[in-house]
Amino acid sequence: MKKYLEKQRSSWIKVHLVVDDKTGEILSVEITTERKTDASQLPKLMKKMKSLNITHVYADGAYDQIKCREAICAAGAIPLIPPRKNARLKKGKNGELVDSYRNDDILYIWELGSAAWKQDLGYHRQNLSETAMMRLKHFFSERLSSLSFKMQKQEVLMRIQILNELNVIKLEVATNQ
């Protein structure tokens, strides 16, 4: 009888970031296994951010969920999340429209289009988190040396700390010129 060893693929980790849209600094992070959804991490991130007086949260369509929007509003910020293409207006028990940012966004998009919504509300700032992730991956490489999840988390946190320090130096140089 022959035994064959199956090569197990290495698992992925997910890094969920909150990025300051003015400085590019990574303010908060959640590191999870590949099984956690992006939207499931936003409420945790928002709880951490409550003391920072955040006014707007830019997120992609994956966060177009009630629990995400509620977490953002509970932190005192305005959610700027594009509704899904098949989004429907939320109505109350009597059939009247519910007053919500999401309904406002849907009506705006229906009237003027998605491009106008993104332009008028500054949605392009959402891309700054993608840029921060790209800098994190490209500056340090996408691979982690650690094998255990606990140590991988520590490795990512160290990389983020270094990236933030480099960002501060870059901002100081820019303001001194």
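Reader: How many salt bridges are found in the whole structure?
Author: A search of this predicted model turns up seven salt bridges.

Reader: Nice. What does E30 pair with, and how far apart are the closest N and O atoms?
Author: E30 forms a salt bridge with K48, and their closest N and O atoms are 2.7 Å apart. E30 sits in strand β2 and K48 in helix α1, 18 residues apart, so the pair links distant parts of the chain.

Reader: Is E30 buried or exposed?
Author: E30 counts as buried because its relative accessibility is 14%, and the cut-off for buried is under 20%.

Reader: OK, what about D64? Which residues are joined with D64 into one network?
Author: Salt bridges with shared partners join D64, R69, R84 and R102 into one network. In one of these bridges, D64 meets R84, with the closest N and O atoms 3.8 Å apart. In another, the side chains of R102 and D64 come to 2.8 Å, N to O.

Reader: Where do D64 and R84 lie?
Author: D64 is in the loop between β3 and α2, while R84 is in the loop between β4 and α3, so their pair ties together parts that are 20 residues apart in sequence. D64 is buried, at 6% relative accessibility, whereas R84 is partly exposed, at 41%.

Reader: Switching topic: how many residues are in the largest nonpolar core?
Author: That core has 16 residues, and L42, M46, V57, Y63 and I72 have the most contacts inside it. Helix α1 gives the largest share, five residues.

Reader: What does L42 touch, apart from its close neighbours in sequence?
Author: Leaving out neighbours within four places in sequence, L42 is in contact with Y63, C68, A71 and I72. There is also a second, separate core of 14 residues, and V19, V29, L136 and F140 are among them.

Reader: Last one: which residues form the nonpolar patch on the surface?
Author: F139, I162, L166 and I169 form that patch, with about 370 Å² of accessible area together. Helix α6 supplies the largest share, three residues. I169 lies in this helix, and I169 is partly exposed, at 47% relative accessible area.

Conventions: Residues numbered from 1 in each chain as written. Predicted model: local features only at pLDDT ≥ 70, side-chain atom pairs only at ≥ 80, totals over all residues. Heavy atoms only, no water. Core = buried A, V, L, I, M, F, W, Y, C linked by side-chain atoms within 4.5 Å. Buried < 20%, exposed > 50% of the residue type's maximum accessible area, 1.4 Å probe, protein only. Helix = DSSP H or I, 4+ residues; strand = E, 2+ residues; numbered from the N terminus. Contact = heavy atoms within 4.5 Å. Patch = residues over 30% accessible without salt bridge, like charges linked within 9 Å, V, L, I, M, F, W, Y side chains within 5 Å. Areas by Shrake-Rupley, 256 points an atom, 1.4 Å probe, with all protein chains shown as cover. Salt bridge = Lys/Arg side-chain N within 4 Å of Asp/Glu carboxyl O.
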